Each structure stands twice: as C-alpha cells, then as structure tokens.
Amino acid sequence: MLAHFFGFEKHQTSFWQEVVAGISTFLTMSFIIAVNPGILSDAGIDFGSAFIATIGATALGCLIMGLYAKWPVAVAPGMGLNAYFAYVVVLGYELTPQQALAAVFISSVAFFIFSLTKIRSWLILSIPAQMQIAITAGIGLFLAMIGLTSAGIIVDNPDTLVGLGRLDNIELLLSLVGLVVMAGLDARNIKGSILIGILVISIIGWGSGLTEFGGIAAMPPESQTAFSLDFSALATPAFLSVVFVMFFVDFFDTTGTLTDIAEPAGKRMLDGKIDNLDKAVLADTSASIFGSLFGTSTMTSYLESAAGLRAGGRTGLTAVTVAVLFMGCLFFAPLFQAIPAFATAPALIYVAFAFLRSLKDADWADPASGLAVMVTMFVMPLSFSIAAGISLGFLTFVTVRLIAGRGKEISAGCWLLTVLGIVWMLASTAL
C-alpha cells in the first residue's frame, strides 16, 4: 500500500531507503528543537510552550508535505524569521507574543491565498536573481549578528556602537569551541553536526557547573500559548509592517528552497517544470498557518532536507519519517530546556554561514547589481530590520538601473516590490 501511495517503483526507491533518508534529514535539522524554543523564550513565550509548538508544528508540516505534496522535504520554523519574531517584532516593536502570532497567522493566510493564484508564478519569474541572493545573504548576516551577540563575541560599546567581548569569558570560549566543532564535523560529512556541537558544549557546561542539568525525559509540557492569537493590533503600522516582512521573506525562502531542492529530489521534469510545486508551496504555507495557532513563528521548507536527498529520499515517506521522529522528541523537554544559550549561539552563527553561500553567485562586477546586494545585506543586520533591507535594496536596484539607462531590465514585479518598499518606509516613520 505504501509502495503504491508514494510511488516507490516510479521513483526507484524503497521503504527502507526512504526511512534512512528521513533519519538523515532529522539529524541534520533537529537542532531547531533546541534553538527555536530558546529564541521564542526571549520573546516571552515560556520554553515548554515553545517546545511543544516547535515539535507539533514541524511534525504536522512534514506530514502535510509528505502525504499531500509527496515531497521528501521537511518543514519547520524558519531560521531568521524566528529571530525577527522575537527580537524585532516583540522586543523592538513591543507587540505581545500573542499579537506577533496573529501577524504570523495573517501573513500565512495571505501567502496561502496568494499561492492559489497565478500571481505567485508571475512574481517568482519577476524577482531579479541578484535580489534573491541579497535577501538570503542579508538574513544570514542578521542571524550571525544575533548569534555573535548571544555568544558574547559582539557587545555594546557606547563609543563605537559595537565592540569585542571579553575573550577570557569561559562561555564565549565555549561558544567558539562549539562553532569549530560544528564546522569540523560538517566538513567530515557527519550527520547532525550542529546538534552534536550543541550537545557537546552543553555537556561541558553541565559538567563544569556553568549551567544546571534538569534531566532527560518527562511527560510533554502543557502549552500556554496555543490558540491564543490577539488581533487587537491589526490596524497599527507596526502590525502591518510585520505582516509585510513575514509574507515576503517566507515567499523568498519557500520558493527559493523548493526550486533549489527540486533537481536533486527528482521533481524537475524534462520541460523545466517542477512536479507538484504548487502542492509543495501550499503544504508549506498550511504549516505556517497551523504553526501560528500552535504558538510558533513562521514555518518554511528546510534546505537541510538535502541531507535526506543525498541518502536517497525521493518520496513523501521521507518527510513522514521526519514527522514521526520529531514527535518522539516530545518526551525530552527537560534535556532541551537545560541546553544553555552559549551552546545554541554557535548554531545561529553556523546556520548564518549556510545563508551566505549564495553570495558566490552575486554579480559584483556590475554596480547596478552589486550595490543593491551590498545595501540589502548590510542594512538588515545593522538596522536590525529585515524590511528595511528589502525596501532599500529594491529601491537601490531600480534607481541605479534607471540612472544607468537600463530601465527596460526592471520587471513589473520588481517595480511592484519597490513601490511596496517605499510605502513601508513611509509607514515606518509612524512606528
């Protein structure tokens, strides 16, 4: 029955090959179980609620992706958007966690409706490749800034804005050790390198008494944030700004990941079209809707799913396997809650490194492209605003081309995003 439903023969795979692929993907991305609740805790959501929401939304998202779209791709809370949720939306704009979750819900529903129309395909083809690179790199630097700050490597300095932390700080040194351990293991193609790095540094912290060990297993905690969305800020500039950012970042992230994975997943057909891409996008956006109801930030397809593809995953059973493994983690809340911030900080930095790989395709020889990439990627972390980076990046991209007499290169979709960015910048003055 499984062979017929998932099409093992058509995709030249087997039950055990798909299960092994699912285990590979799980090991590669399971660091999110420790990192996402830690980030959401900074936003005022208690760890237990964030833990349940992370696992529940990930498991459900993977099931939808596996059973509906039948793609071997995992879905989980997006890195970058979870940091934006906590540090910009809640701590910066001072929305409550419940109001922020409402913004996630609205942006996800809007993306779902948008994905049902032909406008999505039109806009995908309209977005300049250089701006996609810029946004990905900008989010990477945004994550790196948060990770470096959390590790104590970058600190506030009233004279120079930022400065170097004290290098005799044991927690800072442990974060650096964790970072190189993750990189070294990944370079050796060891599955779960980020999770292993987190656990190694945590064990050192527990053993040395730097942080308290709270046990390994227990019954799953109760959620205090599930189905507690607050729409009272719906008409405020801050709320609408957040919806704008979440919508477009999720759009770039989801479509970029799925189109990148399509080739190794065997989903790209001979005519260039991608099999079941619409269903995969809808599965992703559905996961975000449910994720907001469960109490977590925006969900997205994970590029780490490539680990499962390298292990031979070709059908939705790979994603279903990931879902089952995540559900099994529900009983290990004490273990994940005991993981200290100096153990998860290097994970943020290392994930940022993966985001920056896209810069190899940036056209630095062309000022009309290179300047827009630079503005986008540096404004995001330095202004602590993803929206500012996107808006100023598109404005730079369009303006330089107009001055250079290359206005014909600007697509209608690019004009639309530029206008929306200008509207956001005007509205942001009211925040």
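I count Ala, Val, Leu, Ile, Met, Phe, Trp, Tyr, Cys and Pro as nonpolar, Asp, Glu, Lys and Arg as charged, and the others, Gly among them, as polar.

The model is predicted, and I take local features at pLDDT of at least 70, side-chain atom pairs at pLDDT 80 or more, and totals for chains, interfaces and linings over all residues. I number residues from 1 along each chain as its sequence is written, and side-chain values use heavy atoms, with hydrogens and water left out.

**Entry: cavity.** I worked on a 1 Å grid over the protein atoms alone, where a cavity is a set of points that a 1.4 Å probe fits but cannot get out of, and lining residues have an atom within 4 Å of a point. Grid points are joined across faces, edges and corners, and a volume is the space filled by probe spheres set on the points. I found one cavity of 30 Å³ or more. The largest cavity holds about 40 Å³. Its lining consists of Phe244, Phe248, Phe252, Ile390, Ser391, Phe394, Leu417 and Gly421. Helix 11 (237-262), helix 18 (386-403) and helix 19 (412-428) each give two or more residues to that lining. I sorted the lining of the largest cavity into six nonpolar, two polar and no charged residues. Helices here are DSSP runs (H or I, at least four residues), as are strands (E, at least two), numbered from the N terminus.

**Entry: helix 11 and helix 19.** I fitted axes to C-alpha atoms over the stretch in contact, with angles from 0 to 180 degrees between N-to-C directions. The axes of helix 11 and helix 19 come within 10 Å and cross at roughly 150°. That makes helix 11 roughly antiparallel to helix 19 (over 145 degrees). By contact (heavy atoms within 4.5 Å), Pro237, Ser241, Phe244, Phe248 and Phe252 in helix 11 meet Leu417, Leu420, Gly421, Trp424 and Ala427 in helix 19. I classed this contact as eight nonpolar, two polar and no charged residues.

**Entry: largest pocket.** A pocket is an open set with protein on both sides within 12 Å along at least five of seven lines. I read about 1400 Å³ for the largest pocket. Of its 43 lining residues, Asp260, Leu303, Ala354, Phe355 and Arg357 are the closest to its centre. Helix 11 gives the most to this lining, with eight residues. By class, I have 20 nonpolar, 14 polar and nine charged residues in the lining of the largest pocket.

Methods: Parallel < 35°, antiparallel > 145°, perpendicular 65-115°, else oblique.
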